Amino acid sequence: MISFRGGFCGGLVIALCAGLYLIWLGQPERQVRRRTENFFHAIEHKNWDAAADFVAADYRDQWGDDRVRVLERLREGFRYVRGLRIIASNPSVHVQSPCAVWSSKIKLYSSDDDVMDVLDQRVNSLPSPFELEWHHLSGKPWDWKLTRVSNPAFEIPAD
């Protein structure tokens, strides 16, 4: 039989462990990594509504795209890509509150060989990493929005 004192101490230990886990889970670096992974997952599954939820209203990038245009480009660019996978190699996150920059070389894969040739030429061969800039919008640990993407070697042809 468990005494009141034993039950109280056990409950206190469980609450303490849960609190420490939530603190660990809420660290900005971990949150930015998860947001980036979930953003890529939404793109891979062509879930454009979910992808749009990650992009901030004030998004601007080096190619002159705003939020609406970057979402259009994502839809257009991946419309015919079957079996899309986005692989980031050794990503790093640099946090300087309220901003964070996720950086990594990105490889795109498709189940279509013809599309893979284009992806290898345009994206997979880039020498420099992509940088995704995230902004923390509120006191909620998960409230990060993508505000900028850049890669000096990646060129997008003019419309």
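On a 1 Å grid over the protein atoms alone, a cavity is a set of points where a 1.4 Å probe fits but cannot get out; a pocket is an open set with protein on both sides within 12 Å along at least five of seven lines; lining residues have an atom within 4 Å of a point. Grid points are joined across faces, edges and corners, and a volume is the space filled by probe spheres set on the points.

The model is predicted: local features need pLDDT of at least 70, side-chain atom pairs count only at pLDDT 80 or more, and totals for chains, interfaces and linings use all residues. Residues are numbered from 1 along each chain as its sequence is written, and side-chain values use heavy atoms, with hydrogens and water left out.

## Cavity

Rolling a probe the size of a water molecule over the atoms shows where empty space is left. Here the count comes to one cavity of 30 Å³ or more. The largest cavity holds about 30 Å³ of space. Its lining consists of K105, I106, K107, V123, N124, L126, S128 and F130. Helices (H or I, at least four residues) and strands (E, at least two) are DSSP runs, numbered from the N terminus. The largest share of the cavity lining, three residues, is from β2.

By class, the cavity lining has four nonpolar, two polar and two charged residues. In this scheme Ala, Val, Leu, Ile, Met, Phe, Trp, Tyr, Cys and Pro are nonpolar, Asp, Glu, Lys and Arg are charged, and the others, Gly among them, are polar.

## Pocket

What is the volume of the largest pocket? About 880 Å³. The lining of this pocket comprises 31 residues, and R73, L74, F78, F154 and I156 lie nearest its centre. At least two lining residues come from each of α2 (28-44), α4 (67-78), β2 (99-109), α5 (113-124), β3 (130-136) and β4 (144-150). Helix α4 contributes the most, with six residues. The pocket lining divides into 25 nonpolar, one polar and five charged residues.

## Salt bridges

Side chains of opposite charge can pair when their charged atoms come close. A salt bridge is counted when a side-chain nitrogen of Lys or Arg is within 4 Å of a carboxyl oxygen of Asp or Glu. The count comes to five salt bridges.

Burial uses relative accessible area: buried is under 20%, exposed is over 50%, and partly exposed is in between (1.4 Å probe, protein chains only).

R33 and E29 are separated by about one helical turn, because they are four residues apart in helix α2. R33 is partly exposed at 25%, and E29 is partly exposed at 36%.

D65 counts as buried, because its relative accessibility is 4%. Its partner R73 is among the residues nearest the centre of the largest pocket.

Is R69 buried or exposed? R69 is buried, at 18% relative accessibility. E76 is partly exposed, with a relative accessible area of 45%. Salt bridges that share partners join R69, E72 and E76 into one network.

## Surface patch

F4, F8 and L12 form a nonpolar surface patch with about 400 Å² of accessible area together. Patches are made of residues with over 30% relative accessible area and no salt bridge; like charges are joined within 9 Å, and nonpolar side chains (Val, Leu, Ile, Met, Phe, Trp, Tyr) within 5 Å. Accessible areas come from the Shrake-Rupley method with a 1.4 Å probe; for residues, only the protein chains shown count as cover. L12 sits in helix α1 (residues 4-25).

## Backbone details

The peptide bond from S97 to P98 is cis, with omega near 5°. P98 is in the loop between β1 (85-96) and β2.

K46 is not a glycine, yet its phi is positive, about 55°. K46 lies in the loop between α2 and α3 (48-54) and is partly exposed, at 29% relative accessibility.

N90, also not a glycine, has a positive phi of about 50°. N90 belongs to strand β1 and counts as exposed, at 73% relative accessibility.
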